[in-house]
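My notebook is open and I'm going through this one piece by piece. Here is what I looked up, in the order I got curious.

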Amino acid sequence: MLLQLLVLLLPAALGEDVTQRQLKPVKGVPHSRLHLYQSSTTDTFRCLDGSQTILYSQLNDDYCDCKDGSDEPGTSACGNAFFYCSNVGHKGNFIPTNRVNDKLCDCCDGSDEYDSGVECPNICDELGRAARIEREKIASVARKGFQKRQELAKEGQALRDSKLKDVEPLRQERANIEPERARLETEKKAVEEVEKKLQDEHRNQWEAVRIEKKKLRATDWFDELDLDKSGKIDREELRQNLFLDNDHDGFVSEDEVKSYLTIDEADFEHFQSSMYDRLKEARHQHREEMKYKEEQEKEKAKALENAPDDDDLLAEEDRHEEEEDPEDVRAQEDDKMPAYPPEINEASEKAREARRLFDEVNEKVQDLDAKIREAEDFTNSDYGENYEWAALKDKCFDRNVQQYTYQFCPFGQNTQKDVGAYGGTSLGNFKNWSGGETNKYSKMHFGDGQQCWNGPKRSTDISIECGEENELVEVTEPAKCEYLFTFRTPLACTDPDKEIVHDEF
Ligand code: MAN
């Protein structure tokens, strides 16, 4: 059917040069095609598909002769022919011939019901007027939009030109700074190495001394614990130390020392490596407990009437505060690394200064890199035929639909969030223009949004229409987690005065 309609229209579209004014009218045939229907010298008509030749009088005789139906354009005899309504005052159009004289008005001029007894009023003027007003409205929007589009295109191009222009000096500046940055980096590394080396040496020296001191303390204690001076400590000797009396029964049992001395007797090596730290901890613990107990007792005494007077109590408290475990104090002091000597502080100061100088230049380079990258990204992006879309690069447009606010950010990320909420669900990032070869900039595709529960990653397709202002006019979700936005923008307006309308009047 469609193919046939195309065959019918083709000669008109090709613009045939014929002196149509003198042509004899044929019902259902437009003026532009009448030349195909004029009688030949032999009074015959050749079907338009060339399939056969019939008598001229057989045209529109309500009997279908031609396979393509071309002999019956004005009757309903052929199922595959088309009747042309001229619709003067409105828009001419073809209707299938089976609608001719079917008692229903199809053409606005009523010409399809010429023999059915049905009176169809001619409403073409009325329709034509309304259509012209509507067309003019659309054209007026397009005209204004197109004007804006041209201005935005100019801005976009200027932006692109300036990015292109700026990028070379930026690259140049970066190249100029780079040797300085490299030199400062090498210098920074060198002084940092010196600083680290000196600090390591200092720490290692202190570490060696610390280990030695600890060994001395362990030796002293070992000698104290080794009551019979046999060079070994056995359980019996260990049991003489009341701080191991875990259950506070005033007596250190075999069991209470067992976990500290797991072998029969310990020589100094074993004592140092496996017992010293744990015994020290136990002794510290014991002292803390004793201190706490004493304080409790003092509290109790204070509460009693015959409590010692305040002066006595204070004196006692002072005494206890001074009572620090001397072993602990020594250990704490040895565990604290002595402050760095001035030459190391000097090296650190140098390293700090070198870092500061390097960071200063490095920040400049990073800043330049960011600007160069931004310019490159801009010039590599597709902002439309004339860069007009660059104007919307960092803009977003909202629309509330039911409980959600939808946001469309051309070249960015689309979101869906509850009205009034922060954040939101990603409906995808800009992927590409998707209007196809003929109308590339009429659609956009956004993908890789937030995964849909039991479904695909969310995505959005944007349908772009001409409008006077930028506006997100419609949001739907035709399939679960697949969204469709309609966006109106001057950027999609074409010049209405340049559009050629092929109307058949
Ligand atoms: C949320 C919204 C809806 C979507 C469902 C899918 O409620 O993102 O648009 O259809 O999740 O589970």
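This is a predicted model: local features need pLDDT of at least 70, side-chain atom pairs count only at pLDDT 80 or more; totals for chains, interfaces and linings use all residues.

Which residues of helix 5 are buried? My list for helix 5 reads F268, H270, F271, M275, Y276, L279, K280, A282, R283, H286 and K298.

**Helix 5, continued.** I looked up where helix 5 sits, and it covers residues 268-303, which makes 36 residues. From first C-alpha to last it reaches 49 Å, close to the 52 Å expected at 1.5 Å a residue. Still, I found a kink of about 60 degrees in it, centred on M275. M275 is also one of the buried residues I listed above.

**Helix 2.** Next I checked helix 2, residues 124-225, with 102 residues. Its end C-alpha atoms are only 123 Å apart, while a straight helix would reach 152 Å at 1.5 Å a residue. So where does helix 2 bend by about 35 degrees? I found that bend at I177, and a proline, P179, follows within four residues.

**The ligand.** Which residues surround the ligand? I wrote down Y404, Q416, C452, R458, E477, K480, C481 and Y483. Sorting this shell by type, I got four nonpolar, one polar and three charged residues. Then I looked at distances to oxygen atoms of the ligand. For E477, an N or O atom of the side chain is 2.6 Å from a ligand oxygen. For R458, a polar side-chain atom lies 3.0 Å from a ligand oxygen. For Y404, the distance from a side-chain N or O atom to a ligand oxygen is 3.2 Å. I also noted that the ligand exposes 310 Å² when taken alone, and that the protein buries 68% of that.

**D367.** I picked out D367, which is in helix 8 (residues 342-380). D367 and L170 are 197 residues apart in sequence, yet their C-alpha atoms are 10.0 Å apart in space.

**Two loop residues.** Last, I went through some phi angles. Y387 has a phi near 65 degrees, a positive value in a residue other than glycine. Y387 lies in the loop between helix 8 and strand 7 (397-401), and with a relative accessible area of 22% it is partly exposed. D448 has a positive phi too, near 60 degrees, and again isn't a glycine. I located D448 in the loop between strand 11 (443-447) and strand 12 (459-466). At 46% relative accessible area, D448 is partly exposed.

Note on methods:
Residues are numbered from 1 along each chain as its sequence is written. Side-chain values use heavy atoms; hydrogens and water are left out. The expected span of a helix is 1.5 Å times one less than its number of residues. The bend at a residue is the angle between axes fitted to the seven residues ending there and the seven starting there. Buried means under 20% relative accessible area, exposed over 50%, partly exposed in between (1.4 Å probe, protein chains only). A residue is near a molecule or strand if one of its heavy atoms lies within 4 Å of it. A polar contact is a pair of N or O atoms within 3.5 Å; within protein, one must be able to donate a hydrogen and the other to accept it, and residues adjacent in sequence count only if both atoms are side-chain atoms. Accessible areas come from the Shrake-Rupley method with a 1.4 Å probe; for residues, only the protein chains shown count as cover. Ala, Val, Leu, Ile, Met, Phe, Trp, Tyr, Cys and Pro count as nonpolar, Asp, Glu, Lys and Arg as charged, and the others, Gly among them, as polar.
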